Amino acid sequence: MRMMITSIGQWFDRRLQLAAPVREIAEHPVPRSTASWWYVFGSAALVVFILQLMTGILLALIYVPSGAEAWSSLQVLNHSVTLGWFVRAMHGWGSNFMVALVLIHMMQVFLFGAYKFPRELTWILGVFLLLMTLGMAFSGQVLRFDQDAYWGLGIGASIASRVPVLGSAIVKLMLGGPIIAGATLSRFFTLHVFVIPGLLISFVCLHLLMVVKLGINEWPMPGRIVKRATYINDYHELTKKDGAPFVPYAVWKDMFFAAFIILAVAACALYFGPFGPTGRPDPTIIQTVPKPDYFFLWLYALLSLLPPSLETPALLVGPVVVIAGLLLLPFLSGEGEKSWKRRPIAVLTVMLIAITLGTFTHLAGYTPWSPHMNAWSGAAVPDQFIHGTTALERQGALIFQAKQCRNCHSLGESGGQRGPALDAVAARLTQDQLIRQVIQGGGNMPAYGKNLSPAETTALVAFLETLHPKGQTPARDASRDVALGNEKPVAQP
Amino acid sequence: MSTKAVLEPSTETAVSRRGFFVKLGILFNGMAAAVVAVPIVGFLFSAITRGRSNGYLSWVQLGKVADFPEGETRLATFRNPYVMPTDGTTADTACWVRHVAGEQFQVFAINCAHLGCPVRWFQQSGLFMCPCHGGAYYSDGSRASGPPERGLFQYPYKVENGSIAIQAGELPTPGAAIAALTGDKPPCA
């Protein structure tokens, strides 16, 4: 039996002649220090990519890339096809894991100085692989053709339309027509299933080829300086003196980690299930709060918090600067120290980026900038704010509720966070200031002058004046009493 | 032996017969590529060229004037004039119709002028609010607060035989034809 397998193998190899090069790649010597748990993220990303290819092909057996039918075909996958929900969940979670792994891999490569000479091109291809991974994540979200996908495309189109002169043409090219419709989905299907995966596969092959040809980056030691003239010799010496064959010396850690990641994807898929789809992609249903997928939440927060005047420049110039910076990095610091212990700015940069993205992502989780559309009808003014109030103040409380002030302002911990909480507003603003703020708005608050009658304003301000902590007197303008001869001022809108 | 004899002359002259044919072959392929590229590029960019000079825009009926009471702002829906069979519900569009008085209307795009999310009308507070990034507009569509740089987009409208029609057919974005048509006035509180 064994003889037969050997002879069949030899028959093939005489024709394919692949055994020798494959063995050479598998057994190429790597520095012993690289057989580390820090060196497993790239291979894990590759394994998840293969998982994505396989689950993607399985989904394509049922999925229909038609604007009219995509959403229903996802419902069929979720509810009618045996284990369709699980394959969708694997693909969705696989996507999240892949983005995370690519980012961690990139961070590790950056901190270990692996992008320096002679691995500049490996890094550059890696930057493109990151962009393509993000492109896959976004286009995949579009293929889940639901309300989030529809309005996400709207946001993409609105950003693209800000490009000077060419904006409108770019939007039509992106959407495949004048509106978000069937042609748009077909376009993103083509990108997600043919164009980007094709590029990804070829770039991954080149990326791997270079890792094998140039050798894996050695563990960085403080003081071991990279110099173009000597590095290659030094590296060969290192692998000769302190090297070991990649298989099996280092590969087992990659295998363990990859298997762990695959199981983690499956566990998430099993426990959390597939992502959406949310409501039908029907733009006449406006009762919707669109939100992007996890890895684009930071962008969602950024777009809400940037000052309006900075937004267009930031959107158009920002990505160019970031991508150019990443591509130029190996040329700007192609030599020198590799160890993170001697590169404090590199460490601080990673921390700054991680904290910034993390904070924005966290903020996007509860969107303090968005009005809570149903707060005014969903949460009544709590009792303690009405207890012991006069008729006028109660009338004000009613107006406060009916005019939907709570969509943006919270009272008793419930309501929007767009504007400041009003539990103690009377301690901050005098009566005059309250009237002015209500009528004229300002500081990001709309003006309500046209929407409130003088009587309503009087009542509303009377209620707002009761909102101060017990034992603390409301803010008042001392000069006002004098000017009016100690009379209590009356609202004159 | 024989191959060597065939190859030898090519190394002697500056432009060999075979070298010339290779160059001619490249030129021939380049010409073929150029010929094929014309229809391919035309196909790829047809989404842009088809819509030149407001080509996508046309008049769409929204309904009877009587359906929109004076002084109120109501949601209206219409089917996009340019439709493909695979569009499904995505070709249905909503807009806000504000009947100011008589035959005077304002028809606002549902899309926030910031990044296109669907704005909602709040009758009591007299504001349009956006659920995405917190834009707010007054009842006349002008910017009230938040990230938008301008007021809501407005469709051109006309009232004929007691019905209201708007000129629509393109996703309202800052760069779209509709943005230049109306609603570009600076905000005033």
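What follows is a conversation about a predicted model, taken up by a colleague who is new to the structure.

Colleague: Why are helices H19(A) and H20(A) called oblique to each other?

Modeller: Helix H19 (residues 431–440) of chain A and helix H20 (residues 454–464) of chain A pack at an angle of about 125°, with their axes 10 Å apart. Angles of 65 to 115 degrees count as roughly perpendicular and those over 145 as roughly antiparallel, and the rest are oblique, so this pair is called oblique.

Colleague: Which residues in H19(A) and H20(A) meet?

Modeller: On the side of H19(A) they are A:Gln431, A:Leu434, A:Ile435, A:Val438 and A:Ile439, and these meet A:Thr457, A:Leu460, A:Val461 and A:Leu464 in H20(A). The residues of this contact divide into 7 nonpolar, 2 polar and no charged.

Colleague: What makes S5 and S8 of chain B stand at the edges of their sheet?

Modeller: The 4 strands of this open sheet in chain B follow the order S5-S6-S7-S8, with antiparallel pairing. Strand S5 (120–122) and strand S8 (143–145) each have a single partner strand, so one side of each is left without a neighbour in the sheet. Neighbouring strands of the sheet are turned by 35° against each other on average, direction ignored.

Colleague: How do you know that S7 and S8 of chain B count as paired?

Modeller: Pairing asks for at least two bridges, and 2 bridges join strand S7 (residues 136–138) of chain B to S8(B), so the two strands meet that condition. In S8(B), B:Arg143 is the bridge partner of B:Tyr137.

Definitions and conventions:
Residues are numbered from 1 along each chain as its sequence is written. Chains are lettered from A and ligands numbered from 1 in the order in which they are written. This is a predicted model: local features need pLDDT of at least 70, side-chain atom pairs count only at pLDDT 80 or more; totals for chains, interfaces and linings use all residues. Axes are lines fitted to C-alpha atoms, for helices over the stretch in contact, and angles run from 0 to 180 degrees between N-to-C directions. Angles under 35 degrees count as roughly parallel, over 145 as roughly antiparallel, 65 to 115 as roughly perpendicular and the rest as oblique. Two residues are in contact if their C-beta atoms, placed from the backbone, lie within 7 Å. Ala, Val, Leu, Ile, Met, Phe, Trp, Tyr, Cys and Pro count as nonpolar, Asp, Glu, Lys and Arg as charged, and the others, Gly among them, as polar.
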